[in-house]
Amino acid sequence: MPHYHRSSFRTFILMMMALTLLVIGRLHATSNSRPPFNFTWPTKKASEVEGDLILGGLMMIHERQDDITCGPVMPQGGIQALETMLFTIDQINPILSSTVGFTIGAHILDDCDKDTYGLEQAVAFIKGSISNIDDTEYKCLDGTVPDVRNKVISGVVGASSSGTSIQVANLLRLFKIPQVSFFSSSPELSNKQRFEYFTRTIPSDHHQVMAIVQMIRFLKWTYISILYEESTYGIKAFEELEVLLAKNNICIAVKERLVKDSGVAGEAAYNGIVHKLNSKPKAKGVIIFGSDQEVSGVMRAVRRNNLTANFNWIGSDGWAGRLLVSEGNEPEVEGTLAFLPQAHPVRGFDNYFLSLTPLNNKRNPWFIEFWENHFQCRYPSSPPTPYNQNWQRTCTGREKLSPEGTEFERQLQYVSDAVMAFANAFKDMHQTVCKGQRGLCKEMVPIDGSELLKYLRRVEFTGLSGDRFQFDDYGDGPARYDLIHFKQVSTGRYRWLRVGEYHSGQLKLDENEELLFRGDQVMPPESICSRPCNGSQAKKYVEGEGCCWTCVECVLYQIRNPDDETQCSACPQGTLPNAERSQCLSIPEVYLRPDTGWAIGAMSFSTIGILLTFAVLGVFLQHNDTPVVRASGRELSYVLLSGILLCYMVSFLFVLRPTDIVCGVQQTAIGLCFSVVYAALFTKTNRIARIFRGGKKSAGRPGLISPKSQLVICGFLVTVQGLILLAWLWISPSVAKHVHPTREDNLLVCSSFTDASYMMAFAYPILLILLCTVYAVVTRKIPAAFNESKYIGFTMYTTCVIWLAFVPIYFSTASHLPLRITSMSVTISLSATVTLACLFSPKLYIIIFHPERNVRQALTVPTSKASIRHSKNNPPSNNGHTQNNGTSEAEPAKGLIALSAVQNQLLPMTSPSGDQQIQSQLLETEVGQDNESDLIVNVMTSGGTTSASRIQLNE
């Protein structure tokens with residue numbers, strides 16, 4: 001016997017790691033195994049196929065069992081998957097042999113759907129790699145290389161379950177052995193930093209989860225339960241489901257784990273799960289992410305508890321289409337919708353499998369167990385198993401597998417594609433490395449797993465199913481799913497039928513296949529906790545439930561908050577809820593429109609005033625040079641008429657739709673029109689007062705009483721108001737805004753109307769009104785021939801009364817803005833009307849009805865008493881006549897001349913503009929002659945005022 005020496009410490013480390021994994025798995029398997037029989041179970045077996053490159057295979061030939069290591073044989077996912085691998089090798093070996101000169105062999109083991117047992121079995125795959133590491137350093141005593149060597153596994157096909165694949169992948173990556181799984185779909189396996197050498201032909205469950213959520217949305221379910229198996233496959237899928245369901249506002253009523261990795265649950269555990277599902281009776285839809293064995297236990301529990309009609313299932317690929325679940329549980333499974341990775345039959349496999357018998361299939365050591373299980377008989381000389389002890393009938397060997405009695409696994413394409421992927425990778429690598437040499441070159445003996453992985457990820461081929469295949473960027477198969485539906489096709493006969501597909505992120509249902517749920521119902525059952533509330537109702541959630549609520553009616557003027565459906569929100573001011581109380585609608589704007597009664601009344605009054613103003617203006621222009629017009633002060637009269645006209649026109653501004661510009665114009669126009677009127681009146685009264693007050697102090701003519709001066713004074717007074725208004729407009733501009741006196745009002749007004757700020761516009765005109773009133777009182781006793789103050793005074797008194805009445809009306813109509821605006825308009829027009837009537841009607845009366853009085857003599861009434869004395873005792877005039885008082889007869893003529901001269905100073909006839917005439921009645925005129933050419937005239941008025949003037953006497 002040869003003696004070996006070891007010179008590589010690395011070999012020792014890898015062996016110890018593998019042995020550690022083996023011991024851990026063995027201890028775990030032993031702790032769960034308590035065989036009730038006296039023979040060895042399970043028996044270590046392997047399916048062998050000779051070839052130049054060996055592929056390892058890890059299949060779940062047997063079901064998982066809690067009390068023993070392996071359970072009964074699995075016909076579909078186990079035996080059929082193994083035979084698919086063997087069939088595919090049979091199909092491709094002739095092609096490889098003829099093209100590249102090598103063949104593929106197989107070494108297939110059983111993992112019994114347990115990760116720990118599968119890990120133990122997978123150690124066999126690395127024995128060849130361990131024993132052949134640095135093989136040149138293993139020498140016989142004579143220095144030759146030993147001939148006894150373990151087979152080197154170039155790649156592994158499997159495992160079926162995600163949990164087992166994760167365990168095996170961690171082992172195989174240590175020895176750089178590529179692994180291609182056909183049923184492991186956990187999203188965790190897409191992480192290539194952890195599972196560098198793992199690849200799979202089936203798509204990741206990430207896509208299946210998205211397909212399931214789209215199905216839930218199609219059924220309009222919002223309240224569902226989830227069962228998921230206690231494995232990487234179930235847990236990872238549930239984690240993704242939970243996130244994606246939450247994003248789509250679908251709530252989870254019950255979430256329960258199905259025991260798997262920690263053992264096999266008993267009937268009591270499944271009964272408890274079913275009762276928890278039934279505790280939420282509104283959640284009729286249930287997603288089950290698990291394997292067929294666990295789901296079969298759930299269905300049996302549903303039947304035991306007589307809850308068949310209470311649930312409708314959404315299935316994953318782990319149990320969809322499996323006889324283990326549906327056989328014997330047809331009423332419970334009826335109506336199930338499930339997703340399977342899209343696969344087509346492997347061409348020729350059905351006939352191949354149906355032709356197999358224990359006699360012609362010696363390479364499958366588990367085929368006799370399948371035969372016994374399928375025909376419920378004991379095959380002669382078969383080894384004992386825990387499941388063939390009670391079968392009394394003996395198999396004859398002449399039994400035949402029939403299409404009717406055989407249910408084929410739908411996903412066998414992925415097993416075939418896994419073998420095809422390795423075959424194409426071997427071929428591509430051989431062409432590159434061996435450069436056309438037939439057979440394996442030394443660069444491929446043993447094969448470099450890291451190099452093989454590169455070729456494996458790049459393969460692209462057409463499989464035995466006829467589908468084109470290639471791996472995606474994550475080393476996963478293409479994301480294509482079939483939607484299958486378990487329904488009753490005839491009385492007592494059920495079938496899984498394809499009713500749609502999920503491809504490229506879209507769910508599409510076949511139009512020719514209708515969905516049929518329990519009780520031949522075409523419409524899917526409801527799976528919602530609470531129906532949506534009306535638009536006028538807010539949700540009040542049930543404590544601890546995310547999809548269960550009661551609907552609470554929102555109160556008046558409220559709608560449900562669009563951003564928070566649990567809250568009622570009051571509609572903003574200016575809006576009201578619609579009839580459905582689902583949204584707030586704007587209240588139509590209300591403002592003083594021209595067609596309203598308030599506006600029509602105000603505009604009618606203003607229109608009449610404008611017509612009267614133009615009529616007065618026309619009369620004055622027509623009699624522009626007559627004494628009455630000249631005596632009234634023509635220039636200021638025209639200014640006064642302009643102000644009155646502006647007052648009337650302001651009313652039309654109030655009926656325009658308020659905008660920022662309209663409000664600004666209103667803000668300035670109101671104060672400006674009044675300032676024009678009362679500035680002109682103030683100038684009139686001030687001139688009269690200054691003339692007669694100046695007469696007491698000096699015989700000279702007072703200053704600034706000419707027409708031009710009067711216009712300058714009036715313009716200055718108006719300019720002051722203009723500056724005030726501009727400053728106010730700059731500091732606090734009036735803008736259009738909506739106000740809401742009541743909840744159902746939406747008034748569009750200028751901001752100045754909502755408070756007392758408009759009184760700013762009246763402050764300066766009020767000051768002018770007060771000053772005019774004072775002047776009117778002061779000049780009230782001036783003789784009528786020289787005095788308008790009586791009419792001005794009456795105008796001011798009436799204006800004050802009008803505005804004193806307006807102020808309380810203005811502040812008391814805050815809730816009735818149309819009335820407030822109308823009252824202001826009428827007040828302004830009324831003030832203008834009073835001014836027009838009081839100041840201009842006496843003049844119009846004379847001009848129109850008594851034109852004979854429209855002469856200068858009528859405006860200068862003779863004196864009631866006159867005494868004319870010479871200051872010196874001059875001789876009598878040439879005519880020699882003297883009066884009784886000793887004066888000559890020529891002196892009265894001089895006296896009349898002197899009187900006329902006084903009146904000319906007060907009423908200058910040369911003034912082209914007709915200054916404001918001050919009409920007075922002279923009570924006594926005393927004339928004295930200072931020299932031959934001058935007279936001194938003292939005028940005593942009815943008020944006791946004396947005015948002295950020096951008059952030159954000439955021709």
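**Exercise 1.** Determine the handedness of the link of Cys434 and Cys441 in this predicted model.

*Solution.* Step 1: confirm the bond. The sulfur atoms of Cys434 and Cys441 lie 1.9 Å apart, and a disulfide requires a pair of cysteine sulfur atoms within 2.5 Å, so the pair qualifies. Step 2: read the torsion. The angle about the S-S bond is -75°, and the link of Cys434 and Cys441 is left-handed. Step 3: check the surroundings. Cys434 has 5% relative accessibility and counts as buried; Cys441, with a relative accessible area of 3%, is buried.

**Exercise 2.** Find which parts of the chain the disulfide of Cys554 and Cys568 links, and state whether each cysteine is buried or partly exposed.

*Solution.* Step 1: the S to S distance is 1.9 Å for the disulfide joining Cys554 to Cys568. Step 2: with -80° about the S-S bond, this link of Cys554 and Cys568 is left-handed. Step 3: Cys554 sits in the loop between E20 and strand E21 (558–560), while Cys568 belongs to strand E22 (residues 568–570), 14 residues apart. Step 4: apply the cut-off. Buried means under 20% relative accessible area, so Cys554, at 4%, is buried. Cys568, at 25% relative accessibility, counts as partly exposed.

**Exercise 3.** Describe the geometry and placement of the disulfide between Cys251 and Cys547.

*Solution.* Step 1: Cys251 and Cys547 are joined with an S to S distance of 1.6 Å. Step 2: the angle about the S-S bond is 75°, and the link of Cys251 and Cys547 is right-handed. Step 3: the pair connects distant parts of the chain, 296 residues apart: Cys251 is in strand E10 (residues 251–258), and Cys547 is in the loop between strand E19 (537–541) and strand E20 (549–553). Step 4: Cys251 counts as buried at 15% relative accessibility, as does Cys547 at 6%.

**Exercise 4.** Give the helix content of residues 598–621 and 636–656.

*Solution.* Step 1: an unreviewed UniProt entry lists both ranges under "transmembrane region". Step 2: residues 598–621 are 100% helix and 0% strand, with end C-alpha atoms 35 Å apart. Step 3: residues 636–656 are 86% helix and 0% strand, with end C-alpha atoms 31 Å apart.

Notes. Residues are numbered from 1 along each chain as its sequence is written. This is a predicted model: local features need pLDDT of at least 70, side-chain atom pairs count only at pLDDT 80 or more; totals for chains, interfaces and linings use all residues. Side-chain values use heavy atoms; hydrogens and water are left out. UniProt positions are given in the numbering used here, feature names are shortened, and annotations may be inferred rather than shown by experiment. Helices (H or I, at least four residues) and strands (E, at least two) are DSSP runs, numbered from the N terminus. Buried means under 20% relative accessible area, exposed over 50%, partly exposed in between (1.4 Å probe, protein chains only).
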